[in-house]
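Hi everyone, thanks for making time this morning. I'd like to walk you through a few local features, so please keep the structure open as I talk.

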Amino acid sequence: MFRYGGPEVLEVVDLPVPEVGPGQVRIRVHAAAVNPSDVLLRTGFTDPMLAGRLTPPYRPGMDAAGVVDAIAPDAATDLRVGDRVMAIVIPIDPSGGAYAEYVVVDARQVVRAPAGTTHAEAATLPMNGLTARRALDVLGLAPGAWLAVTGAAGALGGYTVQLAKADGLTVVADAAPADEELVRSLGADKVVRRGPDVADRIREIAPEGVEAVVDAAVMGPQVLGAVRPGGQLALARSIGEPGTVPLGDTGDVIVRNVFVPEYRHAHDKLDALRVLAEEGRITLRVADEHPAERAADAHRRFEAGGVRGRLVLTF
């Protein structure tokens, strides 16, 4: 990308293979997931303060899966060249995004891919899984607490439901009629119909209100009514800088902003996600695969909506 805009600005560019620097690992990328954050970067909808930190060609992508290609001598890792891995990639870092045949990142951003998975499946986990993990960590709910999750059929919402259940929480999640069985299969204790009145439907399940909501559907003020006084609302932000999302008067609800780059070096958190995937406690869902040179088509399909799981670019 040399300019911001619609999917058509995504084009193939030849660049030198990046060299590993101190503490870094180079990955030969085989798969990169398509996320909402990629669309934000493509359209230029990032924090203005980042303008001076990004230079063209701009490269989206926050999830990479592939094979270790090179390791810096001082890198603190037990990985070896040839190992199958997954990594969280931050496009606003000097590394650039994951839409590339080769990426170089800090060794703390890389872990082994879950055993028995494809590259495409592994690429769906790092960013969305760490965002869900960060949201739950920020909320800090005790086992048994009621958590509501919007957008539960999507990638972030689905991981949130499954991680919340692994944490011992009680989960009420929303779903369209066609997605109810999917959301139940992810472990939700109660499923309500999605839509503008979802807060009222959550209150029918939890009359006193839930302790917290993870708003993966980005509904904002529409879900505030589901939260009990003194409860919390977690809002996900993937790129840009951490900050406050204006919601107007939230009353007694505490708004928590979830900024996943704060977990870019949370190697233990990412590796714990790998373990849960290997145990079958979180589900890796690939909606479809597109060759990387057809990234524009993948973005058009993503923006059309209705994707369950993640679209993945293959290299």
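Let's start with Pro 57, which sits in the loop between α1 (36-43) and β2 (63-71). This is a predicted model, by the way. Pro 56 and Pro 57 are joined by a cis peptide bond, with omega at about 0°. As a reminder, most peptide bonds are trans, and most residues other than glycine have a negative phi.

That brings me to another loop, the one between β9 (210-215) and β10 (227-237), where you'll find Val 218. Phi of Val 218 is near 55°, so a positive value in a residue that isn't glycine. Is Val 218 buried or exposed? Val 218 is exposed, with a relative accessible area of 68%.

Now over to helix α4, residues 155-166. Its twelve residues reach 17 Å from first C-alpha to last, close to the 16 Å expected at 1.5 Å a residue. Ten of the twelve residues are buried, so α4 is largely enclosed by the rest of the structure. Among the buried ones are Leu 156, Tyr 159, Val 161 and Leu 163. After α4 comes Gly 168, with a positive phi near 85°.

Last stop: the second largest pocket, which holds about 970 Å³ of space. Which residues lie nearest its centre? They are Val 13, Leu 15, Arg 59, Tyr 99 and Ala 100, out of 37 lining residues. The elements giving two or more residues to that lining are β4 (102-106) and β13 (310-314). By type, the lining divides into 24 nonpolar, six polar and seven charged residues.

Thanks, and I'm happy to take questions!

Terms used:
Residues are numbered from 1 along each chain as its sequence is written. This is a predicted model: local features need pLDDT of at least 70, side-chain atom pairs count only at pLDDT 80 or more; totals for chains, interfaces and linings use all residues. Side-chain values use heavy atoms; hydrogens and water are left out. Helices (H or I, at least four residues) and strands (E, at least two) are DSSP runs, numbered from the N terminus. The expected span of a helix is 1.5 Å times one less than its number of residues. Buried means under 20% relative accessible area, exposed over 50%, partly exposed in between (1.4 Å probe, protein chains only). On a 1 Å grid over the protein atoms alone, a cavity is a set of points where a 1.4 Å probe fits but cannot get out, and a pocket is an open set with protein on both sides within 12 Å along at least five of seven lines; lining residues have an atom within 4 Å of a point. Grid points are joined across faces, edges and corners, and a volume is the space filled by probe spheres set on the points. Ala, Val, Leu, Ile, Met, Phe, Trp, Tyr, Cys and Pro count as nonpolar, Asp, Glu, Lys and Arg as charged, and the others, Gly among them, as polar.
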